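Hi there,

Here is the structure I promised to pass on. Have a look at it first, and then read on for what turned up.

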Amino acid sequence: MAGGRQREFNKQEALDAAMHVFWKKGYVGASLTDLTTAMNINKPSMYATFGNKEELFIQSTHHYLEEYAKPHITYLHEDKPLKDRLKNYLLSIIEGQCNEQGVKGCYVSICVSEAAGDVFPDKAAELVTEIRDFAERYLTDFFQQEIINSNFPKGTDSATLARFIVTLLHGTAAMARADKKTSELEAIVDTAITALPFKA
């Protein structure tokens, strides 16, 4: 007896397509038809492979973190002066926010704004809370180490620096969605870098 028909699609490509739908339309705005059309699969295949809409969102969000968010972090750990590392990190993120070939803005910012309206199911809401705090926690630890390394003056508040950077990036994400150009946001980065208390 012949086995069941194989699912003829690339799971990672389908997941990437779903992620972009959530990025553009949000969790509530993304219908199952939107998702399956973008993924180029039917609803039974989606359910069989990814589970329900909430599970698809969770997998899409993890995909975003691994493929789109975490790669920016490498710039913070290059063998360069801190000012250059931080600037390159910010410019890399902004370039992604202003992507002419994809969805503009920031996936995390969209999720956080939507979650504030209490529209997410429980597991998805927990994940949004986790990713909301990821960058701030990471940057707080990063800046604390840079204080230890004498790249900032003693007594500098690493948590405040981290919140400053996160707030800046949420702002540039909103501006990117409003069609501001990369060059315009790069000037904002220059201003922010100038304001930071790097140790001479």
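To start with a question: in which helix does W23 lie? W23 belongs to helix α1, which covers residues 11–29. Please keep in mind that this is a predicted model.

W23 has a relative accessible area of 5%, which is under 20%, so this residue counts as buried. Setting aside neighbours within four places in sequence, W23 is in contact with Y64, Y68, V103, K104, G105, C106, Y107, I110 and R177. W23 and V108 sit 85 residues apart in sequence, yet their C-alpha atoms are 8.3 Å apart in space.

In soluble globular proteins, nonpolar side chains tend to be buried together. The largest nonpolar core here has 32 residues, and M39, L56 and F57 touch the most other members. Two or more residues come from each of α1, α2 (32–39), α3 (43–50), α4 (53–69), α6 and α7. The largest share, nine residues, is supplied by α1. As for L56, its contacts beyond four places in sequence are L15, A18, F22, L35, M39, M46 and F50. There is also a second, separate core of 26 residues, with I94, F143, I147 and L169 among them.

On the α2 side the contact is made by L32, T33, T36 and M39, and on the α3 side by K43, M46, Y47 and F50.

Finally, helix α8. This helix runs over residues 158–177, has 20 residues and reaches 29 Å from its first C-alpha to its last, close to the expected 28 Å. Just after α8, D179 takes a positive phi of about 75 degrees.

Which helices do the buried residues of α8 pack against? They pack against α5 (82–97), α6 (107–115), α7 (122–148) and α9 (182–195). The buried residues of α8 include A159, L161, I165, L168, L169 and A176. One of these, L169, is also a member of the second core.

Best wishes

Notes
Residues numbered from 1 in each chain as written. Predicted model: local features only at pLDDT ≥ 70, side-chain atom pairs only at ≥ 80, totals over all residues. Heavy atoms only, no water. Helix = DSSP H or I, 4+ residues; strand = E, 2+ residues; numbered from the N terminus. Buried < 20%, exposed > 50% of the residue type's maximum accessible area, 1.4 Å probe, protein only. Contact = heavy atoms within 4.5 Å. Expected span 1.5 Å × (residues − 1). Core = buried A, V, L, I, M, F, W, Y, C linked by side-chain atoms within 4.5 Å.
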